[in-house]
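Trainee: I would like to learn how to read some features of a model. Please take me through them one at a time.

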Amino acid sequence: MRKYSVFAVAREAMRGHRGWEAQWTSPEPRKEYDVIIIGAGGHGLGTAYYLAKEHGITNIAVLEKGWLGGGNTGRNTTIIRSNYLYDESAGIYDHALKLWDDLSQDLNYNVMYSARGVMMLSHNIHDQQVFKRHIHANRLNGIDNEWLTPEQAKEFCPPLDISRTARYPINGAALQRRGGTARHDAVAWGYARAAADRGVHIIQNCEVTGLRRHANGAIAGVETNRGYIGAKKVGVVAAGHTSVLMEMADVRMPLVSYPLQALVSEPVKPIFPCVVMSNTVHAYISQSDKGELVIGAGTDQYSSYSQTGGLQIITHTLDAICELFPIFRRMKMMRSWGGIVDVTPDRSPILAKTPVPGLYVNCGWGTGGFKATPGSANVFAHTIANDAPHRINAPFTLERFRTGRLIDEAAAAAVAH
Amino acid sequence: MLLIYCPYCEEERSELEFRQAGDAHIARPTNMTEMTDEEFEAFFFLRDNVKGLTYERWRHLNGCGRFFNAARDTVSDKFVTTYKAGLPKPDISTLRPATEATVETYEATESNAK
């Protein structure tokens with residue numbers, strides 16, 4: 001792999017950009033791999049990358065039903081933060097945030113991580129109490145989070161309407177300065193390029209149709225639309241379709257899949273300096289480097305695999321955005337889309353071994369998986385390589401729904417689910 | 001926006017009046033104190049999360065307020081049929097798929113008028 005650098009850009013500029021090579025290859029699948037990862041999104045590609053980089057396993061295939069990064073990795077609102085309430089969540093999300101810091105250098109790929117600050121608006125006394133509890137809990141876990149007065153919030157984000165007559169009055173905000181955004185596609189592409197460079201096979205348009213098992217129950221390989229591929233270990237990283245895949249191994253999951261929608265406006269000059277979220281009025285917003293306002297909401301009301309969602313959900317979100325930021329009332333919205341998110345009963349992910357030997361699952365990220373991409377991939381690779389969880393993902397088992405040791409972030413996550 | 005037929009009101013109303021209320025035909029155990037952890041997990045937490053035809057409970061929240069059951073395709077979001085709570089799973093194969101001709105939607109009646 002030829003390294004990307006300012007010199008490479010200069011060299012290619014001199015010779016008409018004819019020397020750039022493909023970022024990853026599309027090899028024919030081998031008959032058998034040490035590890036197969038199902039799902040070439042950020043989490044899946046990242047898992048393959050860390051398996052190759054940190055655990056010396058390079059005989060890996062990442063299988064993708066559609067195109068690389070075309071699922072929720074390409075459909076989210078790119079927000080990164082780690083201000084979760086419970087110790088377990090703080091552990092995994094802050095592990096991710098630390099990896100975001102130098103991910104571009106690590107991958108030699110500009111993922112455009114921008115720590116521009118994530119501000120959560122408080123509209124009433126209950127929000128205020130919850131956020132202050134979060135702030136104190138975060139600080140005990142060494143995670144930055146601070147309380148802002150309405151005036152300080154306005155100073156941090158000038159377009160915000162903090163007037164007393166506002167439809168949704170603001171009585172303060174919680175700010176995580178290390179939070180921000182990253183370029184979602186670049187995360188998938190960067191991991192794909194870096195993994196392929198270490199010998200990982202990325203096989204797109206390869207849909208898994210069955211999971212084959214040995215007589216003793218252990219995983220033997222996967223049936224695909226491109227034939228059978230053997231595997232010693234299989235990691236399912238399939239977001240909304242996890243239940244469908246796990247059913248092929250007779251494992252019922254504590255998951256329900258919902259559409260989660262997002263939309264972007266026409267591109268405009270830089271106007272919005274940070275990320276703002278409001279869980280009380282169901283809206284979050286940031287501005288991409290292209291200039292589009294990126295806007296998201298809560299999930300749709302009913303479970304579905306439709307990858308679209310109801311129009312009333314996004315109009316409700318835009319109502320809230322227009323009230324919070326009156327300057328955006330005349331903005332035109334350009335595109336909207338839906339991704340299918342897999343939601344667990346306690347709103348915390350599952351990164352764990354399964355009852356099937358050799359089968360591992362990374363799912364249940366619900367509405368907030370993008371921010372965790374590097375951390376999730378990192379500890380999931382550890383889990384697969386060692387057949388045992390990393391200290392950080394040890395609490396995120398599948399068995400917790402039997403033992404009752406839930407990580408109940410439902411009330412703690414920033415946007416209402 | 002979907003139109004959903006409420007079997008109690010006996011009319012189609014906008015989906016805004018309804019709320020999904022989880023899987024249908026789950027029998028609530030009467031011996032919950034004697035159940036094993038595995039049985040409780042299967043009843044309370046594990047879900048089929050079907051991609052395709054699913055049977056689920058809906059509530060006409062901003063209407064009659066009653067719970068009923070529906071058979072719905074989770075890929076197209078199309079309601080195959082709705083039926084009153086307590087009734088057994090309908091045999092879908094005998095039902096004609098809902099079309100504009102069989103469901104009295106605004107679009108269907110409009111196009112007929114033309």
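Trainee: Is A:Asn108 buried, exposed or partly exposed, and why?

Mentor: Count the C-beta neighbours. A residue is buried if 20 or more other C-beta atoms lie within 10 Å of its own, exposed if 12 or fewer, and partly exposed in between, with C-beta atoms placed from the backbone. A:Asn108 has 15 such neighbours inside 10 Å, so it counts as partly exposed. This is a predicted model: local features need pLDDT of at least 70, side-chain atom pairs count only at pLDDT 80 or more, and totals for chains, interfaces and linings use all residues. Residues are numbered from 1 along each chain as its sequence is written, while chains are lettered from A and ligands numbered from 1 in the order in which they are written.

Trainee: What is the phi of A:Asn108?

Mentor: Most residues other than glycine have a negative phi. A:Asn108 has a positive one, near 55 degrees. Its place is the loop between helix 4 (103–107) and strand 4 (118–122) of chain A. Helices (H or I, at least four residues) and strands (E, at least two) are DSSP runs, numbered from the N terminus. A:Asn205 also has a positive phi, near 55 degrees. A:Asn205 sits between strand 8 (201–203) and strand 9 (208–213) of chain A, in the loop. With 13 other C-beta atoms within 10 Å, A:Asn205 is partly exposed.

Trainee: At what angle do helix 3 and helix 10 of chain A cross?

Mentor: Two packed helices are described by the angle and the distance between their axes. Axes are lines fitted to C-alpha atoms, for helices over the stretch in contact, and angles run from 0 to 180 degrees between N-to-C directions. Helix 3 (residues 87–101) and helix 10 (residues 373–386) of chain A cross at roughly 105 degrees, their axes coming within 6 Å. That makes helix 3 of chain A roughly perpendicular to helix 10 of chain A. Angles under 35 degrees count as roughly parallel, over 145 as roughly antiparallel, 65 to 115 as roughly perpendicular and the rest as oblique.

Trainee: How many residues of domain 1 of chain A are in contact with domain 2 of chain A?

Mentor: Two residues are in contact if their C-beta atoms, placed from the backbone, lie within 7 Å. Here 25 residues of domain 1 of chain A are in contact with 27 residues of domain 2 of chain A. Helix 3 of chain A gives the most to the domain 1 side, with four residues. Domain bounds come from an automatic or database domain assignment.
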